[in-house]
Amino acid sequence: MRNQFRIVRPEEVYAQDHAEEYAEEYAIEVKNVVKVYKLYEKLRDRMYDALGLKKNNYKLYYALNGVNLNVKKGECVGIIGTNGSGKSTLLKIITGVLNPTSGEVNVAGRISALLELGAGFNMEYNGIENVYLNGTMMGYSEKEIAEKLPAILEFADIGDYVYQPCKTYSSGMFVRLAFAVAINIEPEILIVDEALSVGDVFFQAKCYHKFEEFKKMGKTIIFVSHDLGSISKYCDRVFLLNKGNLLGEGSPKEMIDAFKRVLVGQYEENGENSREGSAKSKLADSINPDAQEYGTRQAEIVECYVTDENGVRSSAVIKGTEFTIHMKVKVNDHIPAPIFAVSFKDARGTEITGTNTMAERAFLDSVEPGQVKEITFRQKMSLQGGEYLLSFGVTGYNGNNFEVYHRLYDVLNITVVSDKNTVGYYDMDSVTVVNDVS
């Protein structure tokens, strides 16, 4: 490699010519970072290469290939991508666990990272000893760690297990203790990589509440997760990685939609679709002319709209009433078992609910070229009052392969009109009674 790596830590950053300007804006700056591994077919090839006895007996694998990104101070940033996309490698380079092959990383602030289960823990030590071990590695004195210990133990809430060797812990106990340590050492930057997925739902809620507190305090958070709902809810900005390349950055909604295209192999960086032509021009009732679409076009959504309880086309639905979602699909090729789907998102892009014909057991037959199918979904509106986006899809299985024939993201807007909003996304329609028993 022509460029040798260099990781610049806070004390070096501040000494540079523009350190003050940099420190005011960015917590993390990643410049053209490359991480390359040598892959050997045989173990002996690795030995020969180490001894310089045989050359070119390996293949190069680019875990990261020229990644550039900046994280501003106080941002909550998400990193998403498929397994093997380079997410964890990038975080390990930012935290200094790994060195890049080339490129530069600038970090301004104390980092606390929760990268993988048991990382930074000595399995023979008990929980208390590991708290002191981690605190010492972060630069705290024994007295300072002792002062933080009660808060750590209270948050971890693993009881007397804290006095047992960590090798006896369950994965959930590891996460509880590790996260409790990570958030109580007063970091400027918190990095979490998928670890929360092994905790129980109550502990996850506790952690996400802590995220909210951190955001209000102006802390910087980098969050890697396959939970796209959490990414959408907590992140200000999202980076999408795929096969070591940074495909894009933007709002959670934009990047989540792009990620879904990656999952079915239909993402192209120039934003074009797999076949020419656009079905959006055929959508007479489309409210969003910039709706994202993609697919093989073996079937095309040519019309979609909503009707209210009176059967009138409308973009407004009164909460508590019945309404119908309509989609018309033109078939261009033989499809053994198409699945017609609809889903709701909020304005931030969080997918709230949805259904499809396979889940409803409504249509499981094959279709032929030239056919036109009209699909309706009728239901009661139980969502809270507000603005929502509707997405449509025609997918299916060809043997064991999942195919996307046509998807339209956020093509319709629905306003739910309500005079009573409860907590969360939908109304449980409770019948509430208060009796005097005194």
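I began with the second largest pocket: β15 (338–345), β16 (351–356), β18 (386–398) and β19 (401–417) each supply at least two residues of its lining. Strands here are DSSP E runs of at least two residues and helices H or I runs of at least four, numbered from the N terminus. On a 1 Å grid over the protein atoms alone, a pocket is an open set of points where a 1.4 Å probe fits, with protein on both sides within 12 Å along at least five of seven lines, and lining residues have an atom within 4 Å of a point.

The model is predicted: local features need pLDDT of at least 70 and side-chain atom pairs pLDDT 80 or more, while totals for chains, interfaces and linings use all residues. Residues are numbered from 1 along each chain as its sequence is written, and side-chain values use heavy atoms, without hydrogens or water.

Back at the pocket, I noted that β18 gives the most to the lining, six residues.

Next I looked up helices α7 (residues 171–184) and α8 (residues 201–216), whose axes come within 12 Å and cross at roughly 10 degrees. Axes are lines fitted to C-alpha atoms, for helices over the stretch in contact, with angles from 0 to 180 degrees between N-to-C directions. So α7 is roughly parallel to α8 (angles under 35 degrees count as such). Val-175, Arg-176, Phe-179 and Ile-183 of α7 meet residues of α8 including Phe-203 and Phe-214 (contact means heavy atoms within 4.5 Å).

Last, I checked a sheet: six strands, open, in the order β6-β7-β8-β4-β9-β10, with mixed pairing (two strands pair if DSSP finds at least two bridges between them). Its twist averages 15 degrees from one strand to the next.

Technical notes
Parallel < 35°, antiparallel > 145°, perpendicular 65-115°, else oblique.
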